[in-house]
Each structure stands twice: as structure tokens, then as C-alpha cells.
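Visitor: I've got the sequence and the fold up on my screen, and I'd like to know what backs up the labels. Can you walk me through it?

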Amino acid sequence: MPVKDAAAAPPFRRILVANRGEIALRIVRAAHELGMEAVAVYSDADAMAAHVRAADLAIRLGPAPPAESYLRIDAIVAAAVASGAEAVHPGYGFLSERAAFALAVEEAGLVFVGPPPAVIAALGDKLAARRIARLADVPHVPGTLEAVSVDRPDQLEAVIAAAAGVGFPLLVKAAAGGGGRGIRRVVAPDELPAALIAGSREAAASFGDGSVYLEREIMPARHVEVQLLGDATGQVIALGERDCSTQRRHQKLIEEAPAPGLAETERRRLHAMAVRLGVAAGLQNAATVEFLCDRDGSFWFLEVNTRLQVEHPVTELVSGLDLVVEQFRLAAGAPLSPRVLAAADRAARPTSHAIEVRISAEDPARVFAPAPGQITRWVMPAGPGIRVDTAVEAGDRIPAEYDPLICKLIVHAADRPTALARLRRALDETEIGGIQTTLPFHRAMLAEPGFIDTSALATTWVEAHWDGPASRARAVRVASLAAGLAELGGAASDGPGGFGGSGAPVASAAGTTIGAGMVRQGSDDAITVDSGPGWRSAGRAVAVDRWPR
Amino acid sequence: MPDGDIDARAVRVGVAASARLEGDPAITVAPPPDASTHLPQDGDPGPAFPFVDGIATDVRLERFGEVRARLVESAAGPAGTDLRTDLQLGPVRVDPGHGTRLREVVVDGWRIEVEVEFERRAVLRARARRGAGVASHGGPVEVRAIIPGRVVAVSVVVGDSVEAGQQILVVEAMKMQNELRAPREGAVERVGVAVGDTIEVGDLLVVIH
């Protein structure tokens, strides 16, 4: 048993984690650090998963499809009651923003780790959230204010008529949506009916509610969001903002804290808007207010996520807090702690920088299509300032039923240039085999001048700058040469240099190259970014002075 | 070119058929015709110039155990420099159907499934394929699953005529809806799946004649 004292008493004795993957493991870890027991739930696809192994007790929910497992409110509440858990943490995705789930947990006499059900319902309804924003004097993105059910011909006609007023291009969004799912971009009026139906189908599949609405597309825009915490007394504070502009089709790919390039006054204004909205909504526990920032520097309220965000670690690293720990304390009725209040005071004057990349089982060469499969090699980076949140390892099968996110790689450093250099180094150390991931994309982005100098940060930037085929073509050439040379080398696995290294033992050949090279210069702690020649942009590839002649 | 002109040691390397994208090239890698003339000078462990597509190339592979390796290309970077690329070589698997050797090579995070075979054999196979190609011209096209997932919509039935690019199926994988489109125009000869079916990579979905 962990050592306890009165001040650090665990908020609960036992909690249940209603999720899977890296976030479930992350919550189990926080629970254990707080001295609480953790109960996991799992589907048949996850019986051997890391979150199950880490938990003190695990309860099966059902078959792999989410609707038969992680989306089953009845089964999860029953598991919580049967296991003697006192609180339920929903993580992100799945049931995390379902008011009905939070209500069912409370009705079973347990504590839901998140905002109250009524607040989730009000803010989870994207249209109601926009009305709250208006009340709180926070400008929202223009669009329709009523939800549309595409099964109703009269409503379908009405929304098509309203589209002209919103203006094209516009976005069809799921009223119950979040996480970028169920969004369709419509450029011209004749595309609208098909987009409404497709968007509604995806919304129904993802959220169990096919209602959609229209929103004007603000472009180019940065995506900036504010982390809020609130307690039962009605006090709400902002823990700083994150920039999540590097997106593809509304899926965040890279997130950082703080948002680069904002002045302290802009930060204060942004944080104040988010807090106003949180107070107006009666927010408790944790939530994130998302804004679009247009070219003129104006912030437009987008939506509120009434849950822990995927990208919460960047805020943790910059604020020095553990957000999941704070969530548990707040859920147990504690007021915002002095630690949290001090971090909120510092939030507009950040003194360090954190960046997260989402490594997903997706193929960047095939328009980021899902690429599930079995991982054969899994080597994660290490060393100063590196955090890896993942729940997979070599040998694991990535199931096709769930979100393709398999790993979050987060770096922390004194400032943004140092964090970028550290991230580049960390990506160089990362080795994944057996499945295709978004790793090549991240390597390429970190070599882009527009990403490095932040001048071009915008949600549209990825589509304009990512050239997957060119990046892959170079890899194909290198892979073919390497495989060919390895083949000519005969029993190549015995070591020495394959065909090309004939006559030279591999150790000395490699040693000569490294010794004579210009790859590593300076002292260990001098992290300098080589912004020089283009050949550096090839990720792990480095050019060195040719060996002695 | 008569087979006798092909170096018996030469290998053809390219992206494996299952992973190949349009435009992926295959290259030929061979030892120099007379390796002895390229032996390093006194104390110089310099490269031995393998022939890549028939051209002597300053490139070599350094191995660091079973998996890790580094390709060093001397001509690829600015003058006087080497371009070094770290990579991982997977184990070799023999494809029993074709006699080719397959291996995964990971470069810059790209997972490239590579196929290696002797150049002589590749030439013979290409010749055989050309022969067969004439007979099968205009034959049925099998649309197979390239991602695993669940079928959420089937837009065609047997007998339908479809245009190239027309949506034929919607597959849900990892919460995303993926539309599958007809590779060419024709008549739907067979539909192998129904709504709700779980599919794996390679499953036959639709045959278009």
C-alpha cells in the first residue's frame, strides 16, 4: 500500500476507467500515483491490452465493436457498481461527452469525473454552446443555430435554404460532434445535400445522433484552445492555451503549448473569454474552449470539449500540473488547489514550451487511410525532456475497430526552437515496424520552414505543404538500394557491410564514418538546429564530410 | 537482350506488388562486372561501386546487427559529402508463389515492403506476363479490400453498370467512413459482401466486368 498522510489522502479509494488505449493507461497511472485502485473495462479485442494489465481489476464489456463494448452505458455502470468503484473517469472519445452517461453514473450513486451532466448536455450541444457564448459576450463562428435531422425532408429543405445566408464554403458539422468527426466541407450549393447525408451518417455512427448544422468556414485560421479547470464553488481558471493548427481534415496532428507568437495581452484576453464562457456555463472539473484565430488576430469561439483532451500533456508540461490528478481531486469536491491557482496566475507568461505529435496507424501515402496491423518493432525515444504516452508495444495488433492514435510523443524544453530540435531528435530515435504510421509526416513537417518560424500556422497548412508521394519516393529508392545491397552481401545478417562494404569489417567502416564525420559537434547540452542545406530535411538522413582520402 | 548478357548475380529490387503505388520504380543492383578492378587501394576501405541500373555508383550499406543499417550515398549530397540514411531491415520472407524474396525496410518512418529477385528471373516473368496480358485484356476486374473494416453501405447490385470513379461501397475503419470507388467502367458481375460484414485486407468485394 502507498504511504498516505492526511494532506495527500486519495480522493477516492477505487475508480473505474471507462476507456481503452493510451488514455486508459494514463488514467490508471494517475490513479495509482494518488494511491487509488483502478478498475479497467475492455472489449474482446483488448483482453490482453496494457490498460487491462496495469489495472487492479478488469471487467469485460463485450465484443470488439464500440457499440457492443466501450459505448455501452449499462454495462460500464454495472461494472463500476459491481467492482466497488466510487468514481468513473471517461477519458476522451467514447462516452466522455455523453450527458446520459454522466447521469447514469451519478444515478448509480457514483461520481462522474468531469463536468455535471447538465453542463455536458448544454455545451455538448454545439448549438446551445454557441448561445451560451453569445450570453457570455464571446464572439462565435457564424452559422445556423438549429439542429437538422436529414431524415426530415422539411428540415433538409430549410437548411439548404439557410446555407445561402451562411455563405460558401461552409462546413456541415455534427451537433453532437467533437474530435473532428462528422464534418464535411461544402464549396458549392449543389454539393450540400450529399454532404448533409454523408455527414449525418458519420455523425450517427460516431455519436449515435445524426443531427447536423452549418457553420461558415473561417480560413485561413489558427486553432487555439484554452484549458479550463473549475470547482464546485463556481470558480473557473484558465491554465493557458494550446495551438493545434496543424490539422488534416479537422484531425489534429501536432499540438503545442503555449500558442506561438501571442502577446501577453492577447493571451490574457483569450483566457478571459474562455473563463467567462466557463462561468456562464457553470463549468466544473475540466474542459477546453476551442477558438479559431483569423488573420486579423480575432478569436472566434468554436466549441467546448467537456472532457480531458488528447493533447492535455502539453499543458501539463508547461504548467507543471497533472491534470488527471486535479480532475480526481475536483471530482471529490476539493476546491481549486493553491498549486492550480498559482499555475493559472503564470499562464499568460509561459516560461517553457511543449510540443506533442500524434503517431497514428495511418498511411500518409494513401491519404491517411487507416493502416491497422501487427507491430513488429517498437523502439521509443528517451532522454531529456521526452514523454511518450502509449499503450502498445512490439507484438501488439492494432485493431481496426478503434481510433488509429497509437502513441503521443511529447517534448518539453525551455523555448520553442529548443523543443523543435528535441522533437526532431526524438523522432529520429523512434523506430516502428510492421505497420505504417504518420511518422514520415511528422518528420517532414519538422523540416518545413513555415512550421519552424510559425509564420504560416493555419489549419489549411498541411494540405498545402505535405507532399507525401515525394517523401515516400525517396524512401522507396533508399529501401530498394539497401535491400539490394543486403541481398548481394550474401549472409548479410552476419554483419560486415553487405556487398558494398567488401573488405572492410562493419565496425571499423562505421567507426571511420562517424569519427571523421561532422554529425555531432559541440558539448552534449548545446542543442543547435542546423537550419542549413536541404538535405537535412530527409529526417534521419544526414550529410557528412566524405571520409579521409 | 539474351539472358546470357544478364549478370547472374544481378538482382531486381522494387516495392512488393501488394504495396506498390503507381510510378514506384524497380532498380537493378549488381556487383561490378569485374570486381577485382575496383578493389580498394592500400589502407583505403572505400566503396566498391556496385552497379545500380548499370551505372557504377558510390553507395554502400553498413549493418549494425540484424535490423539497423545505414545507407551511405556519396554522390547524393553536395560535393564532397556523404548522404547517410539510417534504416531498419526486416527479416527476409520467401514468397512461395513467385520465388521472390520479401522484406520490410523502414526509411524515415516509411514502411516499404520490398521485393527482391534475380534479374534473370524478373526478365523471364515479365515476358510471361506480357504473353498472358493479351489473353486477359478486357477481363473482369476484382476489387479487393485494401483496409480492414466493416461494410456500412453497398451502393451497387449485380447487373448494375458503373462508371469509373463511381462509389460502390462504404467501409468504416477506425471510426472513419472510407468510400470505395469503381476502378473502371463496366457491369457489376458479383458483390462479395453485404452491409455489416467485417472485411480483411485482400477480401474480394466486387467484380466488375
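This is a predicted model: local features need pLDDT of at least 70, side-chain atom pairs count only at pLDDT 80 or more; totals for chains, interfaces and linings use all residues.

Visitor: What makes A:A482 count as buried or exposed?

Guide: The cut-off for buried is 20 or more other C-beta atoms within 10 Å. A:A482 has 29 C-beta neighbours inside 10 Å, so it counts as buried. This alanine belongs to helix α17 of chain A, residues 468-488.

Visitor: How much of chain A is buried?

Guide: Of its 549 residues, 55% are buried. Chain A has 18 helices and 23 strands. As for contacts with a separation of 6 or more in chain A, 64% come from residues 24 or more positions apart.

Visitor: Why is strand β21 of chain A called largely enclosed?

Guide: Count the residues. Strand β21(A) covers 405-413, and nine of the nine are buried, so the rest of the structure largely encloses it.

Visitor: Which strands pair with β21(A)?

Guide: One is β14(A), residues 353-360, which pairs with β21(A) in the antiparallel sense over eight bridges. There, A:H353 sits opposite A:A413. Another is β19(A), residues 386-390, also antiparallel to β21(A), over five bridges. In β21(A), A:K408 is the residue opposite A:D389.

Visitor: What makes β3 and β5 of chain A edge strands?

Guide: Look at the sheet order. The five strands run β3-β2-β1-β4-β5 in chain A, forming an open sheet with parallel pairing. The edge strands β3 (57-62) and β5 (111-112) each pair on one side only. For β3(A), the parallel strand β2(A), residues 37-43, is joined to it by five bridges. One of the pairs to look for is A:Y42 with its bridge partner A:R60 in β3(A).

Visitor: Which helices pack on that sheet?

Guide: Helix α1(A), residues 21-33, is one of them: it touches β1 (14-17), β2 and β4 (87-89) of chain A. The direction of α1(A) makes about 165° with that of β2(A). Then there's α3(A), which lies across β1, β2, β3 and β4 of chain A and runs at about 155° to β3(A).

Visitor: How do you know that α3(A) and α4(A) are roughly parallel?

Guide: From the angle between the axes. Helix α3(A), residues 73-83, and helix α4(A), residues 99-107, come within 10 Å and cross at roughly 30°. Angles under 35 degrees count as roughly parallel, and therefore α3(A) and α4(A) get that label. Their crossing is right-handed.

Visitor: Which residues make the contact between them?

Guide: On α3(A) they are A:I73, A:V77 and A:A80, and on α4(A) they are A:A100, A:F101, A:A104 and A:V105. By class, that contact has seven nonpolar, no polar and no charged residues.

Visitor: Why is α6(A) called roughly perpendicular to α9(A)?

Guide: Helix α6(A), residues 126-135, and helix α9(A), residues 264-281, have axes that come within 9 Å and cross at roughly 110°. The range for roughly perpendicular is 65 to 115 degrees, so α6(A) and α9(A) qualify. This crossing is right-handed. The contact uses A:I132, A:A133 and A:L135 of α6(A), with A:L277, A:A280 and A:A281 of α9(A). Sorted by class, those residues are six nonpolar, no polar and no charged.

Visitor: And in chain B, what makes β11 and β13 edge strands?

Guide: Each pairs on one side only: β11 (141-144) and β13 (161-162) of chain B. The open sheet has four strands in the order β11-β18-β16-β13, with antiparallel pairing. In chain B, β11(B) pairs with β18(B), residues 204-208, over four bridges in the antiparallel sense. To find that pairing on your screen, look for B:R144, whose bridge partner in β18(B) is B:L204.

How values were computed: Residues are numbered from 1 along each chain as its sequence is written. Chains are lettered from A and ligands numbered from 1 in the order in which they are written. Axes are lines fitted to C-alpha atoms, for helices over the stretch in contact, and angles run from 0 to 180 degrees between N-to-C directions. Helices (H or I, at least four residues) and strands (E, at least two) are DSSP runs, numbered from the N terminus. Angles under 35 degrees count as roughly parallel, over 145 as roughly antiparallel, 65 to 115 as roughly perpendicular and the rest as oblique. A crossing is left-handed if the near helix is turned anticlockwise from the far one by less than a right angle, and right-handed if clockwise. Two residues are in contact if their C-beta atoms, placed from the backbone, lie within 7 Å. Ala, Val, Leu, Ile, Met, Phe, Trp, Tyr, Cys and Pro count as nonpolar, Asp, Glu, Lys and Arg as charged, and the others, Gly among them, as polar. A residue is buried if 20 or more other C-beta atoms lie within 10 Å of its own, exposed if 12 or fewer, and partly exposed in between; C-beta atoms are placed from the backbone. Two strands pair if DSSP finds at least two bridges between them.
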